[in-house]
Amino acid sequence: MIDTRSLPEDVQATFAATLVDEWVRGGVSAAVVCPGSRSTPLALALADHPGLTVQVHHDERSGGFLALGLALASARPVIVLTTSGTAAVELHPAVTEAHHAGVPLLVCTADRPPELQDVGAPQTIDQRRLYGQAVRWFGDPGVADAAGAHRWRAFAARALASTVGPRPGPVHLNMPFREPLVGTAGPLPAPRDGGAWTLMAGRPQPDGAALDSLWERINGRRGLILAGHPGPDPDDLVAMARRLRWPVAADPRSTAWVPSDVAVVHLDGILRSERARVALVPEVILRLGAPPSSRVVNEWCAASGAEEIVVSSDGWSDPAGTAAVVVSAHPADVVSFWQTSITSAAGTGDWLERWQAASAAAVQAVDTAAVTLESPNEPGIARDVVTGLPDRAQLVVSSSMPIRDVERYASPRRNVRVWSNRGANGIDGVVSTAIGVALGSSGPTGLLIGDIALLHDSNGLLGAAERGVDLVCVVVDNDGGGIFSFLPQAGQLPEARFELLFGTPHGVDLVALAAAYDVEARRLEADAGLVKAVAEAADQGGVHVLVVATDRAANVEAHGIIDDATAAAVDTALKSYSP
């Protein structure tokens, strides 16, 4: 028991040290600390624990995404700590992304004690339930009291368990600390023998009888598998698809984004063929995980009339309102069950062959266009970054155009893992997410990002050169918001008005900006060879920023040329197949 006669600051220090010790016992190994005074007790406890690696970040907004990237790559909960006031508000974008993407974060905000609330005290706002419904659990233990020490470990364990429960995500702990803030931790409340105070027993398993029935429902019909994030084991999925004789179109973020004889590449381009939109209509669409980023693909699926079966462990996932069956389970568990338990599979005629013909035609068309189009162009940049990274690399791709270009034009690689903040689809925090992924993984990391997204999170480069990471950041610099050039506004508004509100040229020298953060940066010339530049930077190690200039109008034209060529090639390939 904690001595109730201990100094209040020592009780606070012991409380903080107990939480940290319990979290480390539960498997936490990393924390991000954003400097501040009110958070001193917990900051000291985090820095003092030998089982934690602590990253310090001056910018709370970037620090939240740094923690998110760490959690993504390490597949473990990560702690992020801020002081009180607007510092806590700055974590909201990262909390929102973690909520929608199912990323486990322990979000700790220090707060003023009750007597300083609602009396005009400085740096004091209402932080209770600050993030609303975007957290899996909210906890506020009040100012630490020695009389409640027997419950400290249970509080810490519940918080940690809530981040990795049936639906992983962020937990918010709001912790008031009273001055003086620097104390000495005494003996901690005794832990349980052998590990954490409370352990989660594992994720629920899918209903075997229901899956048997579902297999009978889809077996022998013409189907299409859309594999999104997080995805199943790729070998299990390929084996299952071969038995069903169904094609697999995988999102780059999916573990199933690998080359195989059932893999469909460049689905967005394939579906720009009128013949393909008719000849390839499935009877069943099996979507595993999140939906694709492509609007063309999603609209075609919704209009196809196919019976849509969605397998997702991340809550309700039916943006088009077309799902006929929703299986609340992890895609890996469902595919593994079917692959190991089902012995019979019926044929589907030439169904798989026509998809293979369309995919092969699309690959050839995109490969040819990539060689003949003037360089640099943004589809080619996406392809080159994926190609140039070494084996066992991680690749973080920004939302907006970069993730769409990777999905539409890059070819899958078994040994490159792709990440993207597609929970809320924002472009903030992308640099910090990439640095977090680099910290949480063992191999080199690439980042494909646009100029506006870089400007949103240039503070993510703060201290990057000293964090010991290997990161190659490729910036597509079209001096503004390139994605808007694809939208109707581009043709409906006068050019000056469009540029003011949507094109938004910034005129910033991105090389000079990156260099100001003590990061090696350079602008690549048109004929510099991006594949080689990425490979050499990754081999050299450290943090590198490679800026590639493009033109927004030329970029729209390049997309159109590739898409038209792909559609024509697919039309020709499918001529011999009837609907």
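Analyst: Let's start with a list: Leu68, Leu72, Glu97, Ala101, Val103, His229, Arg253, Trp419, Ser420 and Asn421 line the second largest cavity. This is a predicted model, where local features need pLDDT of at least 70 and side-chain atom pairs pLDDT 80 or more, while totals for chains, interfaces and linings use all residues. Residues are numbered from 1 along each chain as its sequence is written, and side-chain values use heavy atoms, leaving out hydrogens and water.

User: What makes a residue part of a cavity's lining, and what makes the space a cavity?

Analyst: On a 1 Å grid over the protein atoms alone, a cavity is a set of points where a 1.4 Å probe fits but cannot get out, and a lining residue has an atom within 4 Å of a point. The second largest cavity holds about 70 Å³, where volume means the space filled by probe spheres set on points joined across faces, edges and corners. Helix 3 (60-74) and helix 5 (92-101) each give at least two residues to this lining. Those helices are DSSP runs of H or I with at least four residues, strands are runs of E with at least two, and both are numbered from the N terminus.

User: How many cavities of 30 Å³ or more are there, and what is the volume of the largest?

Analyst: The search of the whole structure turns up three. The largest has a volume of about 240 Å³, and its lining takes in 25 residues, with Ala249, Ala250, Asp251, Val264 and Leu267 nearest the centre. Strand 8 gives the most, three residues.

User: How do you sort that lining into nonpolar, polar and charged?

Analyst: Ala, Val, Leu, Ile, Met, Phe, Trp, Tyr, Cys and Pro count as nonpolar, Asp, Glu, Lys and Arg as charged, and the others, Gly among them, as polar. For the largest cavity that gives 18 nonpolar, three polar and four charged residues.

User: Why are other spaces called pockets instead?

Analyst: A pocket is an open set of points, with protein on both sides within 12 Å along at least five of seven lines. Of its 46 lining residues, Pro292, Ser293, Ser294, Asn298 and Arg422 are closest to the centre. Helix 11 (295-303) supplies the largest share, five residues. The class count is 17 nonpolar, 15 polar and 14 charged.

User: And what lines the second largest pocket?

Analyst: There are 43 residues, including Gly102, Val164, Pro168, Arg203 and His330, which lie nearest the centre. The pocket holds about 990 Å³. Its lining divides into 24 nonpolar, 14 polar and five charged residues, and helix 6 contributes the most, four of them.

User: Which strands make the open sheet, and in what order?

Analyst: Five strands run in the order 8-7-9-10-11, with parallel pairing. To pair, two strands need at least two DSSP bridges between them. Strand 9 (residues 284-288) and strand 10 are joined by five bridges, so they pass that test.

User: What makes Asp518 exposed but Arg245 partly exposed?

Analyst: Buried means under 20% relative accessible area, exposed means over 50%, and partly exposed is in between (1.4 Å probe, protein chains only). Asp518 has 55%, so it counts as exposed. Arg245 has 26%, so it falls in the partly exposed range. Arg245 also has a positive phi of about 60 degrees without being a glycine, and sits in the loop between helix 8 and strand 8. The phi of Asp518 is positive too, near 65 degrees.

User: Which residues of helix 12 are buried?

Analyst: In helix 12 (residues 331-341) they are Pro331, Ala332, Asp333, Val334, Val335 and Trp338. Their cover includes helix 7, helix 8, strand 9, strand 10 and strand 11, with contact taken as heavy atoms within 4.5 Å.

User: Where are the cis peptide bonds you'd show me?

Analyst: One joins Glu179 to Pro180, with omega near 0 degrees. Another joins His229 and Pro230, where omega is about 5 degrees. Pro230 lies in the loop between strand 7 and helix 8, and His229 is one of the residues lining the second largest cavity.
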